[in-house]
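Reader: I would like to learn how to read the features of a protein model. Please take them one at a time, with the general idea before the case.

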Amino acid sequence: MKAKDFHFKSVKESPSEAEIPSHKLLIRAGMIRKIGSGIYVLLPLGLLVLQKIERIIREEMSSVGALEMLTPMVQPAECWKESGRYEVMGEELMRIEDRHGRPFVLQPTSEEIFVEIAKYELKSWKSLPKIWFQIQTKFRDERRPRFGLLRAREFIMKDAYSFDVDEISAQKTYERMFNAYENIFSRIGLNYKIVLADSGNIGGKLSHEFHVLADTGEDELGFAENSDFAANLELIPLSKKSSLETSVALKKFSLRDTPGVKTCAEVAKFLKEDISNILKSLLFSVLVDGEQKFVMVLLRADRRLNELKLKKLELFAGNWRFASEDEIKACCGASSGFIGPKFSESNLIIIADYEVLEMANFVIGANIDGKHFVGSNWGRDIKNPHIEADLRYAENGDCSPDGAGKIFIKRGIEVGHTFFLGKKYSDVMDARFSTQDGTNKPFEMGCFGIGVSRIIAAAVEQKNDEKGIVWPFSIAPFLVVLCPINYHKSSIVKEESDRLYSKILAHHYSVLLDDRGQRVGVMLAEWELVGIPIRILISTKLVEANSVEVFCRRSLETHTVGIEKCIDHIRSMSK
């Protein structure tokens, strides 16, 4: 492709709403344009990147026998009502009606439709196992779209669904797809990690997330320092075992005035206490057997409540929410910020995180506005909690659950997710096949997703510098860009540029010849912004020396190479 025949327009300034590198650079490099909140056009350069990602995915899906199909983006609501997710998906599910008032949804994922197809297409065990996949546009009505392609409302996703006769066969399919995912992300050329994950509203028994590591990632991931253990931070279990090594002299329990301070940080500063010595008390309204109950949850003030762990407690299996300010006052006799677990008589249920039970001489709210207790200790000053549980997020330095040293935390961008679903959808949607002995059984299923358009942004988040994007060789829009100086003024430059361009094409490398006639400084800066891996500079002086100047975007190294050795140099660089 020659640049005059292509469409490419860089932008000097980043949009005001762009907060992260990928959002800024993809717009500045002329790869995407915003046309609505969370809705973007992929321009020609951006589409080339997407297509290279899709090609890798299709090749690896084919290697495990997955068959591609395409489902409609607009789907009948009946399927979603049958699975129970029509309501569960909440406001992210875009619900629409046609002119006759019939309800439809814009697909955010496609379990329901693939199961519906399987009902009619996979009648017998002889048709199994089967893996179907698609690369299709999805829509989720995000409350707050941000970060460009990382949290867009409309996006492109590869979703695959497997159907098996039994759990053993389904596990084998899961392993094949898991290995295919490893191949996909390895071939793309990003630094990624696989972690145990929660299944969320997809459901299922087993789940893994594939994360591209990046400082701007929204997900926190925990890794053991001496083993392969890795999990999304919200899933890491923390031990009940005490880490206290020495006994502590108990201080006097006393009431202290704390006027005008409400947050734990303010209380710590006012009382000259370390934040880790403040007890955080959170009040919840919980519906238990149709009856409203109040539950107080206790954590160390420097820890974060893990709501996923909280929801796994029997008390929180139904509807629950944070108590309102009026409910806090009515239940505890004080405003939020001054409540604590010390009551003479109360029907309040108190749940403490394991770590809270290790605290001594700590500070709690006195259930009186403007007052706190200091020198608090379990058993002596406060009754032990009704329930002890693991309720917090892991932190750097916590013990790994497999005993292999400490946990360290990195941030990641989720780009792939695999789920072992079992019979979750086939049961509820009555999707069955005839077995070899003539009985009918529900399919054992797996679900496998990749955020295809999200990978574009994730790659830029991980691979960029002060000059712009640094694309991996495998998904760059072009592998090589030829940058001739005075292309339209020097006949020998034009002749050699055209000859080298044809030669590179003949060796099946993607190449762009910049024949726009830009000033050399502008031309080179633009292609550094775009991030083409190999840039070849051609000038009169270089041609006369039978050479070209080859620049590697990744290493920032420049080499003068003989023209006849140019293809060999490209080949060695791109391995």
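Author: Start with a charge over a ring, which is called when NZ of Lys or CZ of Arg is within 6 Å of the ring centre and within 35 degrees of the ring normal. Here Arg304 lies over the face of Tyr393, at 4.5 Å from the ring centre. A second case is Lys81, whose charged end sits over the ring of Tyr86, 5.0 Å from its centre.

Reader: What kind of model is this, and what goes into the values?

Author: This is a predicted model, in which local features need pLDDT of at least 70 and side-chain atom pairs count only at pLDDT 80 or more, while totals for chains, interfaces and linings use all residues. Residues are numbered from 1 along each chain as its sequence is written, and side-chain values use heavy atoms, with hydrogens and water left out.

Reader: How many helices and strands does the protein chain have?

Author: Helices (H or I, at least four residues) and strands (E, at least two) are DSSP runs, numbered from the N terminus. The protein chain has 15 helices and 31 strands. Its C-alpha trace spans about 95 × 70 × 50 Å along the principal axes.

Reader: What percentage of the residues of the protein chain count as buried?

Author: Buried means under 20% relative accessible area, exposed over 50%, and partly exposed in between (1.4 Å probe, protein chains only). Of the 575 residues of the protein chain, 52% count as buried.

Reader: And contacts along the protein chain?

Author: Contact means heavy atoms within 4.5 Å. Taking contacts between residues at least 6 apart in sequence, 69% join residues at least 24 apart.

Reader: How many aromatic pairs does a search of the whole structure find?

Author: Rings of Phe, Tyr and Trp (its six-membered ring) pair if their centres lie within 6.5 Å; planes under 30 degrees apart count as stacked, over 60 as edge-to-face and the rest as tilted. The search of the whole structure finds 21 aromatic pairs. In one of them, the ring centres of Phe178 and Phe210 are 5.5 Å apart and the planes stand at 55°, so the pair is tilted. Phe178 belongs to helix α6 (residues 167-188) and Phe210 to strand β10 (residues 206-213), so this pair ties together parts that are 32 residues apart in sequence. Both Phe178 and Phe210 are buried. For contrast in label, the rings of Phe316 and Trp320 have centres 5.4 Å apart and planes at 75°, so that pair is edge-to-face. Phe316 is buried, at a relative accessible area of 1%.

Reader: Which residues form one aromatic cluster with Phe178 and Phe210?

Author: The cluster consists of Phe178, Tyr181, Phe185, Tyr192 and Phe210.

Reader: How is the packing of two helices described?

Author: Two packed helices are described by the angle between their axes and the distance between the axes. Axes are lines fitted to C-alpha atoms, for helices over the stretch in contact, and angles run from 0 to 180 degrees between N-to-C directions. Angles under 35 degrees count as roughly parallel, over 145 as roughly antiparallel, 65 to 115 as roughly perpendicular and the rest as oblique. The axes of helix α1 (residues 21-28) and α11 come within 8 Å and cross at roughly 105°. The two helices α1 and α11 are therefore roughly perpendicular to each other. On the α1 side the contact is made by Pro21, Ser22, His23, Leu25 and Leu26, and on the α11 side by Ile456, Ala457, Val460 and Glu461. The residues of this contact divide into six nonpolar, two polar and one charged; Ala, Val, Leu, Ile, Met, Phe, Trp, Tyr, Cys and Pro count as nonpolar, Asp, Glu, Lys and Arg as charged, and the others, Gly among them, as polar.

Reader: Is α11 mostly covered or mostly uncovered?

Author: Helix α11 (residues 452-462) is mostly covered, with nine of its eleven residues buried. Among them are Ile456, Ala457, Val460 and Glu461.

Reader: What should I read from backbone angles?

Author: Look at omega and phi. The peptide bond from Leu128 to Pro129 is cis, with omega near 0°, and Pro129 is found in the loop between α5 (111-121) and β7 (130-139). Asn546 has phi near 55°, a positive value in a residue other than glycine. Asn546 is partly exposed, with a relative accessible area of 44%.
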